[in-house]
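This report walks through several helices and a few of their residues. Please look over the sequence and the structure below before reading on.

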Amino acid sequence: MATCKTPKDVLALIASEKVQVVDLRFMDFPGLWQHFSVPAHEIEEATFEQGLGFDGSSIRGWQAINESDMIVKPVPESAFIDPFTVHKTLVMICNICDPVTGEDYTRDPRNIARKAVNYLKSTGIADVAYFGPEAEFFIFDDIRFDQNVHEGYYHIDSIEGRWNSGRVENPNLGYKPRYKEGYFPVPPTDSLQDIRSEMMLTMIQIGMDLECQHHEVATGGQAEIDMRFAPLVEMADNLLKYKYVVKNVARKHNKTVTFMPKPLFGDNGSGMHVHFSLWKGNKNLFAGDGYAGLSETALYAIGGLLKHAPALLAFTCPTTNSYKRLVPGFEAPVNLAYSQRNRSAAVRIPMYSTAPKAKRLEFRCPDPSCNPYLAFSAMLMAALDGIQKKMHPGEPLDKDIYDLPPEEAKLVPQTPGSLREALNALRADHEFLLKGDVFTQDVIDTWINYKMTNEVIALDLRPHPWEFALYYDI
């Protein structure tokens, strides 16, 4: 598919592909893609400057009902032909603007990401921030859940689930990955090879740059598809395309995908390790002759990430379920330290390649439930704060954390134990996010209030099934 750069390119693509419908997409505040569609003839060159109006009052975390009108302005570079619709449809990602002032809307996550990039350039430290997320997910065959006054439950099923090794399937062929052993046997144990390949090839079809796909550690259909790194805003856009393609290919095969961090008890959760580097011109600023081939700039960036990590997690691990994955004593990266080998450290320096251009940091705490515009922006702002204030991260943690004596282990700080703790950390530590007006105080306050009210407190109010096992006979 031809790459669009201007409104004229988009109009030419609409004509050449005989597009009938244009789908306009944007991100709500918590992190779900939203959309509405118009007939293709409604799109003109002026549309890209003037935008199209819609009601923003029903979008989560956005406008009040008395100031509901908003404007979407399509981004030509984001255009792609939807591979799933019956009628030929062109998709464009949009920026959100106020219809009265014409200014970019401060609660639009994509606007926050664009401001983060502009702030980076204004500092003179670097020209571009590259991000490479490794999003994991589960492909299930059935999911049922509900909670009301007298019951609360969920039920997950997968043809691959080890729990089905004894089920009557007429015939049950076995080949179900053992718990924590899904990484990565060949078919027939890996039953999802063709579906993952279809997901990968569909993403390539719509213009994305993919590197590999594979089964992940957990039983029950855990998977990972890796994208090639890209600049911040482009990568956040790509992650939304990624989720859209993965979910719709699965649905085509009568399967369902979740990016919940911890849907299965007793097996690995789904993380999203994020690779990150800063470049100026053609130079990778993170490459040097220090520890693990890092520069002093990279070490200061690590210092910023580790110092602000408790607050960062309010954006990078933004669900109550996120903290079912981030539990001490397992492989999850709960230790606020850095290392070139230790996968339980929050920041790892990948050693796959020693070439300077490949040098990067891997922030291992995030998970794929996050809003990528906000998560990547917060990471960038924390790293920049570390660079500006020359926050050295101290000594690396290259020892096996599980073999450390208790008195030494307790000196290693850890990630928050719950979303409530992360939100409280954000409330106490967010000045670094306000620089350059990237995150406004209104955005911080709205995020904390929304998450506390709609997720933390909402979960607090509901009995948990395991509580009945623990306490019913008291």
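## Helix 4

In this predicted model, helix 4 covers residues 193–205. After helix 4 comes Gly207, which has a positive phi near 100°.

Seven names make up the buried part of helix 4: Ile195, Arg196, Ser197, Met199, Met200, Thr202 and Met203. An α-helix has 3.6 residues a turn, so residues three or four places apart point the same way.

## Helix 3

Helix 3 runs over residues 109–123. Its 15 residues, at 1.5 Å a residue, should span 21 Å; the C-alpha atoms at its ends lie 21 Å apart, which agrees. Directly after helix 3, Gly124 has a positive phi of about 80°.

Buried residues of helix 3 are Pro109, Arg110, Asn111, Ile112, Ala113, Lys115, Ala116, Val117, Tyr119 and Leu120. Several of these also belong to the contact with helix 9, including Pro109, Arg110, Ile112 and Ala113.

## Helix 3 against helix 9

Helix 9 consists of residues 372–388, and its axis comes within 8 Å of the axis of helix 3, with a crossing angle of roughly 20°. Angles under 35 degrees count as roughly parallel, and helix 3 and helix 9 are therefore roughly parallel to each other. The crossing of the two is left-handed.

On the side of helix 3, the contact involves Pro109, Arg110, Ile112, Ala113, Ala116, Tyr119, Leu120 and Thr123. These meet Tyr373, Leu374, Ser377, Leu380, Met381, Leu384 and Gln388 of helix 9. By type, the residues of the contact of helix 3 with helix 9 are 11 nonpolar, 3 polar and 1 charged.

## Helix 5 against helix 9

Helix 9 also meets helix 5: their axes come within 9 Å and cross at roughly 150°. Angles over 145 degrees count as roughly antiparallel, so helix 5 is roughly antiparallel to helix 9. This crossing of helix 5 and helix 9 is right-handed.

Helix 5 contributes Leu232, Val233, Met235, Ala236, Asp237, Leu239 and Leu240 to the contact, and helix 9 contributes Pro372, Tyr373, Phe376, Ser377 and Leu380. The residues of the contact of helix 5 with helix 9 divide into 10 nonpolar, 1 polar and 1 charged.

Apart from neighbours within four places in sequence, Thr316 touches Phe363, Pro366, Asp367, Cys370, Ala375 and Met379.

Ala314 is also in helix 7. Because its relative accessibility is 0%, Ala314 counts as buried. Setting aside neighbours within four places in sequence, the contacts of Ala314 are Tyr323, Ala422, Leu423, Leu426 and Trp447. Asp55 lies 259 residues away from Ala314 along the chain, and the C-alpha atoms of the two are separated by 28 Å.

Definitions and conventions
Residues are numbered from 1 along each chain as its sequence is written. This is a predicted model: local features need pLDDT of at least 70, side-chain atom pairs count only at pLDDT 80 or more; totals for chains, interfaces and linings use all residues. Side-chain values use heavy atoms; hydrogens and water are left out. Helices (H or I, at least four residues) and strands (E, at least two) are DSSP runs, numbered from the N terminus. The expected span of a helix is 1.5 Å times one less than its number of residues. Buried means under 20% relative accessible area, exposed over 50%, partly exposed in between (1.4 Å probe, protein chains only). Axes are lines fitted to C-alpha atoms, for helices over the stretch in contact, and angles run from 0 to 180 degrees between N-to-C directions. Angles under 35 degrees count as roughly parallel, over 145 as roughly antiparallel, 65 to 115 as roughly perpendicular and the rest as oblique. A crossing is left-handed if the near helix is turned anticlockwise from the far one by less than a right angle, and right-handed if clockwise. Contact means heavy atoms within 4.5 Å. Ala, Val, Leu, Ile, Met, Phe, Trp, Tyr, Cys and Pro count as nonpolar, Asp, Glu, Lys and Arg as charged, and the others, Gly among them, as polar.
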